[in-house]
Amino acid sequence: MKAIALFSGGLDSTLAMKLIIDQGIDVLAVNISTGFGSTKDRLEHMQNMCNQVGAELKIIDIQSEFLQDVLFDPKHGYGKNFNPCIDCHAKMFAVAKRIMEAEGASFLISGEVMGQRPMSQNKEALQTVLNESNCDGLLLRPMSAKMLKPTIAEIEGWVDREKLEGITGRSRDRQLELAKEIGLADFESPGGGCLLTDENFGKKMFDFIKYDKFEVKDIPVMKFGRHLRLSDGAKLVVGRNKEENGYLQDIENDKFFHAKTVGIPGPHALLSKDAGDADRELATKIILSYTKADPKKVYTISYDGVEQKGSPFETREEANKFNVL
Ligand code: SF4
């Protein structure tokens, strides 16, 4: 008997897998990546969690499917920010079901806890998700199982419902107790969660789609730097520190020039390739304003090797006026 787990790396989904593995069932932990998860150390963390509970880990990249089917026209709308959580969950369950069939597994599990998040995890939203993904009956949520209708795995006797949990609400007390019981270590996830739930990230997304078609290759551009919209509509992204400069430098996206100061230290920046002369001049002024350059002197910025001369604004506030964020 095998189950597919929708695995986020968080405590709830790790415990959900453990509850099933303890009943002698193999679990394949599937992490579905929309591209908007925050970066760094997550893979290592997920592998660590899976090792501790004895699940195999598989990462599934659905970035283009997510942009095409979910992000820009969600049937159930957005949450507080740019997060289409109900549609996103439905997509994830549909993908998990595909994997279940391909792997010859018998049912799905997830770490969802009823009433934990106001919009996406109330009973009605969970039911909508199941209907949309044709997963009704197949999805077992071990953390709240006793509070929910029995699923196929419980009805068929593959899983003993009595050994599952009946957790509801936002308190994590029971989860922490379970973690302690099984000796789970280092379970706090590194970094934040999904960027789409972040208010500032949402503002950058809304700004982007007002001017351009958003594609998979644009996702990394959105994750770093100060984002500015110039007078004639070009987009400028300026690194705010060494780490961001490093990330921006590595981005390969043919919609953008890589811009660098010549002869003086300065941030790494990206400028839309379709920027007109006026916007390129403005970008030059702005980039220089984030250096220690003297407003009375002339400096050079290289845009993929093409040089443009300019001087910084008198004050950084003048550059900040173009900030989207
Ligand atoms: S928080 Fe992000 S990943 Fe999670 S359901 Fe919402 S949109 Fe999807």
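In the predicted model, the shell around the ligand comprises 5 nonpolar and 2 polar residues, with no charged residues. The residues that surround the ligand are Pro84, Cys85, Cys88, His89, Met92, Cys194 and Thr197. One of these, Met92, is also among the residues touched by Ile32 when residues up to four places away in sequence are left out of the count.

Ile32 belongs to the largest nonpolar core, which has 44 residues. Together with Ile4, Phe36, Phe66, Leu71, Met205 and Phe214, Ile32 touches the most other members of this core. Two or more residues are given to the core by each of β1 (2-6), β2 (26-33), α3 (63-71), α4 (85-103), α5 (123-132), α8 (199-211) and α9 (219-223). Among these contributions, the largest share is that of α4, with 8 residues. Because domain 1 (2-182) and domain 2 (198-320) both give residues to the core, the core lies between them. Apart from this core lies another, of 33 residues, which includes Val27, Ala153, Ile167 and Leu178. In general terms, nonpolar side chains in soluble globular proteins tend to be buried together.

The contact between them takes 13 residues from domain 1 and 14 residues from domain 2. Over the whole protein chain, the secondary structure amounts to 12 helices and 11 strands. The C-alpha atoms fill a box of roughly 80 × 40 × 35 Å along the principal axes. Of the 325 residues in the chain, 53% are buried. Among contacts in the chain with a separation of 6 or more, 64% are between residues 24 or more positions apart.

Strand β10 (residues 299-303) is largely enclosed by the rest of the structure, because 5 of its 5 residues are buried. Tyr299, Ile301 and Tyr303 point one way from β10, whereas Thr300 and Ser302 point the other way. The strands β10 and β11 form a hairpin with 2 residues between them, and in the turn Asp304 has a positive phi of about 50°.

A residue outside the helices and strands was also examined. Asn134 is placed in the loop between α5 and β5 (139-140). With a relative accessible area of 56%, Asn134 is exposed, because this value is over 50%. Although Asn134 and Ala94 are 40 residues apart in sequence, their C-alpha atoms are 7.4 Å apart in space.

Technical notes: Residues are numbered from 1 along each chain as its sequence is written. This is a predicted model: local features need pLDDT of at least 70, side-chain atom pairs count only at pLDDT 80 or more; totals for chains, interfaces and linings use all residues. Side-chain values use heavy atoms; hydrogens and water are left out. A nonpolar core is a set of buried Ala, Val, Leu, Ile, Met, Phe, Trp, Tyr and Cys residues joined through side-chain atoms within 4.5 Å. Buried means under 20% relative accessible area, exposed over 50%, partly exposed in between (1.4 Å probe, protein chains only). Helices (H or I, at least four residues) and strands (E, at least two) are DSSP runs, numbered from the N terminus. Domain bounds come from an automatic or database domain assignment. Contact means heavy atoms within 4.5 Å. Two strands pair if DSSP finds at least two bridges between them. A residue is near a molecule or strand if one of its heavy atoms lies within 4 Å of it. Ala, Val, Leu, Ile, Met, Phe, Trp, Tyr, Cys and Pro count as nonpolar, Asp, Glu, Lys and Arg as charged, and the others, Gly among them, as polar.
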